[in-house]
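Here is a quick tour for anyone opening this structure for the first time. Take a look, and then we'll go through it piece by piece.

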Amino acid sequence: MSHSILVVDDTRSMRKMVATVLQAAGYQVEEAADGAEALDKAKGRVFDLVVTDHNMPRMDGVTLVRALRGLAEYDDVALIVLSTETGAELKAKGREAGATGWMAKPFDPEKMLDIVKQFVS
Amino acid sequence: MSSAAAKALGDASAFHAIFFEEADEHLVSVESLLLRLDPSAPDAEALNGIFRAVHSIKGSAGMLGFAEIVSLTHVFENLLDLLRKGERALTRREVDAMLRAGDVVKSQIAFRRGNLPQAPDMSAAEAELRELATAGPAAAPRRFDVRLGPLARPIEAAELEMMLAGLAEMGELGSRQIDNVAGGEIRFELSLAGAEADLHSVLALVVEPALIRIGNEKQPVSEKKQPVNDDSVDLFEAPAAFRARRGADRRQTPRRENDRAAPAPAQGEAGSIRVSVEKIDRLVNLVGELVITEAMLAQQHGAMSDLARHTRNLQEAVMAIRMVPISAVFSRFPRLVRELAQRLGKEVEIRLSGESTELDRGLIERITDPLTHLVRNAVDHGMETPVEREVAGKPRGGEISLTASQRGGSIRIEVRDDGRGLDRAKILARAAERGTPIAADAPDHEVWQLIFEPGFSTAETVTDVSGRGVGMDVVRRNIQLLGGTVELASKPGSGTTVSVSVPLTLAIIEAMTVGAGGKTYVLPLASVIESRRVERGEIRGIAGQGQTLRVRDEYLPVQRLGKSDELAVVVEADGARAALLVDELIGQQQVVVKSLEANFRKVPGIAAATIMGDGKVALILDIGQIVRRAERAAA
């Protein structure tokens, strides 16, 4: 069975790009437009990995990561933040919240797949 | 897998359409937020909203390789960041520069879409943003806490003096603690109205940049500089360790229930989806067919009230999909008014209400031009200059309000200004000049009608804004083409209100059906004035005017649709009337408009076609053309 990945980004084009890259590699992808929607979806089923933007309305990525880590079933799911913001302070906040890694936008599809593969297999 | 990634990447153009549409939406929201920004008290949430939109555009443009958009949005973002941190004061100039930046991005996108022949020059807008982002007007003074050190060696006394003197010129130096030895630190406070970047550049003249640490009230100097990680990926946990931990975790018992945080996400927003217009049009067409089929069935089987009701409800629901809020048109006016007023040296505020009133998407496009014209007129002709207003005992700033409301099957849009009002004497004089017959004591509303005459303009000077003589007549004709009406009310000294009424949709019209020469014709009800029996001998040839029918003291040109001369339908379009002679009046009903041009070809005098309950095609007459033809025949 293919692994399922939740892609969270309020920018539709960005979300579609991430989703398409992952789908092309055979992953099953679910999309959410902000942290709140993602959290809702994550409560309904357990994804094998989450890729989330940080700067989003309603609930930002780091807050989502923290909320997901509060759910027992997300204890050992890799949570990757994908953001144009790469300030050390923010990254540290992400790490503290429980993020598994931080990727910069614009991203290299190959690199993303490489990272994803390492965390879902 | 790498080939899969390359494939996904190589198909980046698949995302262009999404990106363009999304960027356009962002730019519209940026513009409306900018226009609502009050420079004296900028709303932090609005600035954040603008920042987020620009940020989104930059991110996706970066993925798609639109370098010039990335470059401009990057500077745009820098300026916004300074503004929201309060390091730059917001003035008109910033707002204008950001509006212009939004415009060039919009043009760039239009160019990328193939809607513009030439790529716009983005460099001027970008340079302007950059200039503002580096040397904008000063914000209120803030207190900086400056630390220089640890010093590799002492700074020369003269240099230090010069630096401190320079700083004292920039702002107000507060307490200082100077430990000017190797390994020491120089620390002082400075109240500065200028930017942190300027302060930095002054200090850098004397001290190595790496040793400069500047904090302000909001951000204290951090003791240790965090190393900046330039790598695009930063893993907080090694994959192998992660997998090992996960393996271990899985063997453990599940966590206790109370370990869970239970954040409640904000919910309850109205959901929406994007649907292409083509899909909706297809749906609208199919429902149209269903309405026709239902009418056929009803004819054959008599009462089928349930089917009729469901069909009608379904039709309404489907039509509702095509409806968009009029804010799509209204949103362009604040900027238009602002720029126009600036150009004309007037002070005008615009107020919008009823922006959520919905109308058919197709109408939105066709109502934009007439409304734009009315708004321009209001600013250009209606509104006085601040001085004129003061002399008249009015506040210097005028107000233009746009109001939309739904009335039954139509939408009413009012453009109201509190300007000088129409000048009755001037209009009458102009009418006399043009030889338009009107009594000197005619009631106001008749006098106002004159300005709808083609070529009638009282504007003393032809400005580049309006007043070229193509004015209200064009507005009225365009509105009438949509089956709507234009009314005008005005009071000297207190302003003018123009009310436009248009049907909510163009896909279905209220119509009168008539029979003539064995055929059924459809007349849009909006253009029907009355129908009456014609007595023998009433139709008379007037020398040089062809055949006419006298209706209420007016001789109307006659147009025969059939053979009989017994029934006349008086129709009006573009302010002119004609009498159509028909064989029978069939009734009044809603008809689904089908384009004749798309299915057959354009036919003079025919606006469109419809399918009647008996399955036959009936033609919908283009009353405007028919009236003009009747007039020509008469002339």
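Leaving aside its neighbours within four places in sequence, which residues is V50(A) in contact with? Keep in mind that this is a predicted model. In it, V50(A) touches L6(A), V8(A), L68(A), V77(A), L79(A) and I80(A), once those sequence neighbours are set aside.

V50(A) also turns up in the largest nonpolar core, which has 77 residues. Together with L49(A) and I80(A), V50(A) is among those with the most contacts inside that core. Chain B has a part in this core too: helix α3 of chain B, residues 44-64, supplies its largest share, nine residues. Apart from this core lies another one, of 40 residues, including A578(B), L581(B), A609(B) and I623(B).

Now for chain A as a whole. Chain A has five helices and five strands, and from the N terminus on its elements run β-α-β-α-β-α-β-α-β-α. Its 121 residues include 57% that count as buried. Looking at the contacts in chain A with a separation of 6 or more, 61% come from residues 24 or more positions apart.

| Helix pair | Axes come within | Crossing angle |
|---|---|---|
| α2(B) (residues 16-36) and α5(B) (residues 92-113) | 10 Å | roughly 160° |
| α13(B) (residues 333-344) and α14(B) (residues 361-382) | 10 Å | roughly 30° |

Start with α2(B) and α5(B). Their axes cross at roughly 160°, so these helices are roughly antiparallel to each other, and the crossing is left-handed. On the α2(B) side, the contact is made by F20(B), A23(B), D24(B), L27(B), V30(B), E31(B) and L34(B), while α5(B) brings a set that includes V95(B), M98(B), L99(B) and G102(B). By class, the residues of this contact divide into ten nonpolar, one polar and five charged.

The second pair, α13(B) and α14(B), crosses at roughly 30°, so the two helices are roughly parallel to each other. Their crossing is right-handed. From α13(B) come F333(B), L336(B), V337(B), L340(B), A341(B) and L344(B), and from α14(B) come T372(B), V375(B), R376(B), V379(B) and D380(B). Here the contact has eight nonpolar, one polar and two charged residues.

How values were computed: Residues are numbered from 1 along each chain as its sequence is written. Chains are lettered from A and ligands numbered from 1 in the order in which they are written. This is a predicted model: local features need pLDDT of at least 70, side-chain atom pairs count only at pLDDT 80 or more; totals for chains, interfaces and linings use all residues. Axes are lines fitted to C-alpha atoms, for helices over the stretch in contact, and angles run from 0 to 180 degrees between N-to-C directions. Helices (H or I, at least four residues) and strands (E, at least two) are DSSP runs, numbered from the N terminus. Angles under 35 degrees count as roughly parallel, over 145 as roughly antiparallel, 65 to 115 as roughly perpendicular and the rest as oblique. A crossing is left-handed if the near helix is turned anticlockwise from the far one by less than a right angle, and right-handed if clockwise. Two residues are in contact if their C-beta atoms, placed from the backbone, lie within 7 Å. Ala, Val, Leu, Ile, Met, Phe, Trp, Tyr, Cys and Pro count as nonpolar, Asp, Glu, Lys and Arg as charged, and the others, Gly among them, as polar. A nonpolar core is a set of buried Ala, Val, Leu, Ile, Met, Phe, Trp, Tyr and Cys residues joined through C-beta atoms within 7 Å. A residue is buried if 20 or more other C-beta atoms lie within 10 Å of its own, exposed if 12 or fewer, and partly exposed in between; C-beta atoms are placed from the backbone.
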